[in-house]
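Me: Please take a close look at one part of this model: the surroundings of the ligands. What lines them, and where do they lie?

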Amino acid sequence: MQVNIPLKQVIDNSYSITIDQLPQIELDTKVAIVTNPKVAGLHLSYLLSKISVKELYIITVPDGEEYKNQASIDTILESLFNHRFNRKSMLIAFGGGVIGDMVGYAASIYQRGIDFIQIPTTLLSQVDASVGGKTGMNNKYGKNLVGAFHQPKAVYIDPHFLTTLPSREFGAGVAEIVKMAVTFNKEFFEYLETADLKDPKVLQEAIKQAVETKASVVAQDEKERGLRAALNYGHTFGHVIENETQYKTYLHGEAVAIGIIMANQLAIKLGLMSEDEALRVENVFKKYNLPTNYAISNTETFYETFFLDKKSSDANITFILADGIGGVKMLDDIAKETVVSVLAQFGAC
Ligand SMILES: NC(=O)c1ccc[n+]([C@@H]2O[C@H](COP(=O)([O-])OP(=O)(O)OC[C@H]3O[C@@H](n4cnc5c(N)ncnc54)[C@H](O)[C@@H]3O)[C@@H](O)[C@H]2O)c1
Ligand SMILES: O=C(O)C(=O)C[C@@H](O)[C@H](O)[C@H](O)COP(=O)(O)O
Ligand SMILES: [Zn+2]
């Protein structure tokens, strides 16, 4: 299936997203493929068979969210300087969301910005991270707190890469798919309730729907001035969980799944969602063995960490909540006691 989804012209530098077998990539310039040892071992030879460029370099950075940091960015930049990359050169992000975010960020700052292509190899990066130009890294203060909006020149989504993906990583991608369905597309959510995403045809359809949803949101609000924040559903809570557990216990998508469960409890409290709707979301997560609970040891600390969220202002935290299934509301005036009382429900597990 060949699907081209050009982001609308609202974004000057619109690009196409292809969901299909990787095409032959021919570039008359210096190119660096940036990847990690795991992805390289599994799939680099296949990518190399599809690439013909003027001069090619391979840059590897260590695998894992804990390496989504300045040291890895420095490794990438050093290599670009050593090989005299210039503004006509091209980077290829080959891996999951960690690689995609870091390569996009390195591309955004190298000589004030060079081009890059996304070739995502995890489900999560295919349905979410490779699209939309959010790039960055983590630091000791928290998740994605340094970065830039820098759109790729093209995104090539080849579901063939997913054949080697461990099932936990698969589940993490499902969490971001569910996020898009619950907030923007009721029919898509109903489809997910009965669908078996392990079936390649069903999966390809779900990837297409998720990418279409994300591309449409980004096209309307590239720099997250409003609507795009809806893509952060579950993340306000999820990022705190990732931070508290130092990125070691949960995959990003798993933390998002728990974050969605928490956000839904807050939505129930505010009368935006019914218990039954929240249960339906939880049931889809359970089908893919996603975690749905987290022991909050200190609700005050958890609450204070919300202020590191990029959606927060000095005095307010913005919460992205489901408005039933298929709708979304962004609220920045929820009383602290209300939020803390919901956090307290997760205190003892
Ligand atoms: N920019 C965005 O819009 C956006 C959206 C969602 C998530 N993210 C970011 O993406 C990151 C999470 O991405 P992720 O879930 O892809 O994690 P990841 O990049 O860490 O990849 C998960 C694991 O799978 C391995 N892997 C990659 N492809 C594989 C394959 N085909 N077969 C087997 N193993 C493979 C990786 O090496 C890694 O060990 C987080 O840092 C998150 O903040 C960004
Ligand atoms: O593209 C977006 O916008 C998203 O929010 C997608 C999220 O899934 C992703 O995890 C993103 O990196 C989170 O953004 P952040 O701005 O909260 O760091
Ligand atoms: Zn995410």
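Reply: What follows goes through the two ligand shells in turn.

This is a predicted model. The mean pLDDT of the protein is 95, and 96% of its residues reach 70 or more. For the complex, the predictor gives an ipTM of 0.99 and a pTM of 0.96.

Start with ligand 1. Its shell holds 31 residues. The closest are Gly 96, Gly 97, Thr 121, Thr 122 and Ala 129. Several helices give two or more residues each: helix 1 (37-49), helix 3 (97-109), helix 4 (123-129), helix 5 (167-184) and helix 9 (252-269). By class, ten residues of this shell are nonpolar, twelve polar and nine charged. Both domain 1 (16-164) and domain 2 (167-344) contribute to the shell, so ligand 1 lies between them.

Now ligand 2. Asp 128, Gly 132, Lys 134, Lys 143 and Asn 144 are among the residues around it. The shell of ligand 2 also includes Glu 176, Glu 224, Arg 228, Leu 231, Asn 232, His 235 and Lys 310. Seven residues here are charged, four polar and one nonpolar. Domain 1 (16-164) and domain 2 (167-344) each supply at least three residues to the shell of ligand 2.

An unreviewed UniProt entry places the feature "domain: 3-dehydroquinate synthase C-terminal" at residues 173-312. That span is 64% helix and 0% strand. The C-alpha atoms at its ends lie 26 Å apart.

Technical notes: Residues are numbered from 1 along each chain as its sequence is written. Chains are lettered from A and ligands numbered from 1 in the order in which they are written. This is a predicted model: local features need pLDDT of at least 70, side-chain atom pairs count only at pLDDT 80 or more; totals for chains, interfaces and linings use all residues. UniProt positions are given in the numbering used here, feature names are shortened, and annotations may be inferred rather than shown by experiment. Helices (H or I, at least four residues) and strands (E, at least two) are DSSP runs, numbered from the N terminus. A residue is near a molecule or strand if its C-beta atom, placed from the backbone, lies within 6 Å of it. Ala, Val, Leu, Ile, Met, Phe, Trp, Tyr, Cys and Pro count as nonpolar, Asp, Glu, Lys and Arg as charged, and the others, Gly among them, as polar. Domain bounds come from an automatic or database domain assignment. pLDDT is the predictor's confidence in each residue, from 0 to 100.
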